[in-house]
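The following exercises concern the structure shown below. Each task is followed by a solution in steps.

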Amino acid sequence: MDPILVISKLQKKLKDNLQTVGDTMISGGIDNMEKYKYLLGQAHAIQLTLQEISNLLENKEQKDEQRDNTNVIEFGRDSEE
């Protein structure tokens, strides 16, 4: 299975879970402070995980772009510029 596909599915699942937590908090499904703090912690952990995945993908994309640019040959440029 393609690693990018796995990461994409993981991101979707995490976003769905974050939406569920948010819906629960907004709809009044919390009856005590302990449950509120638990859900808030879950939301925070999911957001951090999504951000880390995004950061890792950004680094991979930048490396891919750098690798693509290393094979560029320029013709017609004067070496004295």
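A contact is a pair of heavy atoms within 4.5 Å. The model is predicted, so local features need pLDDT of at least 70 and side-chain atom pairs count only at pLDDT 80 or more, while totals for chains, interfaces and linings use all residues. Residues are numbered from 1 along each chain as its sequence is written, and side-chain values use heavy atoms, with hydrogens and water left out.

**Exercise 1. Overall composition**

Determine the secondary structure of the protein chain and the share of its residues that is buried.

Solution. 
Step 1. Helices are DSSP runs of H or I with at least four residues, strands are runs of E with at least two, and both are numbered from the N terminus. On this basis the protein chain has two helices and zero strands.
Step 2. Buried denotes under 20% relative accessible area, exposed over 50%, and partly exposed the range in between (1.4 Å probe, protein chains only). Of the 81 residues in the protein chain, 10% are buried.
Step 3. The protein chain exposes about 7100 Å², of which carbon and sulfur atoms supply 53%.
Step 4. Among contacts in the protein chain with a separation of 6 or more, 60% join residues 24 or more positions apart.

**Exercise 2. Helix H1**

Compare the span of helix H1 with its expected value, and identify its buried residues.

Solution. 
Step 1. The expected span of a helix is 1.5 Å times one less than its number of residues. Helix H1 covers residues 3–26, which is 24 residues, and its first and last C-alpha atoms are 34 Å apart, close to the 34 Å expected at 1.5 Å a residue.
Step 2. The buried residues of H1 are Gln11, Leu14 and Val21.
Step 3. After H1 comes Gly28, with a positive phi near 85 degrees.

**Exercise 3. The salt bridge**

Which side chains meet in a salt bridge, and how are the two residues placed in the helix?

Solution. 
Step 1. A salt bridge requires a side-chain nitrogen of Lys or Arg within 4 Å of a carboxyl oxygen of Asp or Glu. The count by this rule is one.
Step 2. The partners are Asp16 and Lys12, at 3.2 Å from N to O.
Step 3. Both residues belong to helix H1 and stand four residues apart, about one turn of the helix.
Step 4. Asp16 is partly exposed because its relative accessible area is 37%, whereas Lys12 counts as exposed because its value is 52%.

**Exercise 4. Lys35**

Describe the surroundings of Lys35 by its contacts and by the polar atom pair that its side chain forms.

Solution. 
Step 1. Lys35 is found in helix H2 and, at a relative accessible area of 36%, is partly exposed.
Step 2. Leaving aside neighbours within four places in sequence, Lys35 is in contact with Gly29 and Ile30.
Step 3. A polar atom of the Lys35 side chain lies 3.3 Å from the backbone oxygen of Gly29.
Step 4. Between Lys35 and Met25 the C-alpha distance is 9.5 Å, with ten residues of separation in sequence.

How values were computed: Areas by Shrake-Rupley, 256 points an atom, 1.4 Å probe, with all protein chains shown as cover. Polar contact = N/O pair within 3.5 Å; in protein donor to acceptor, adjacent residues only side chain to side chain.
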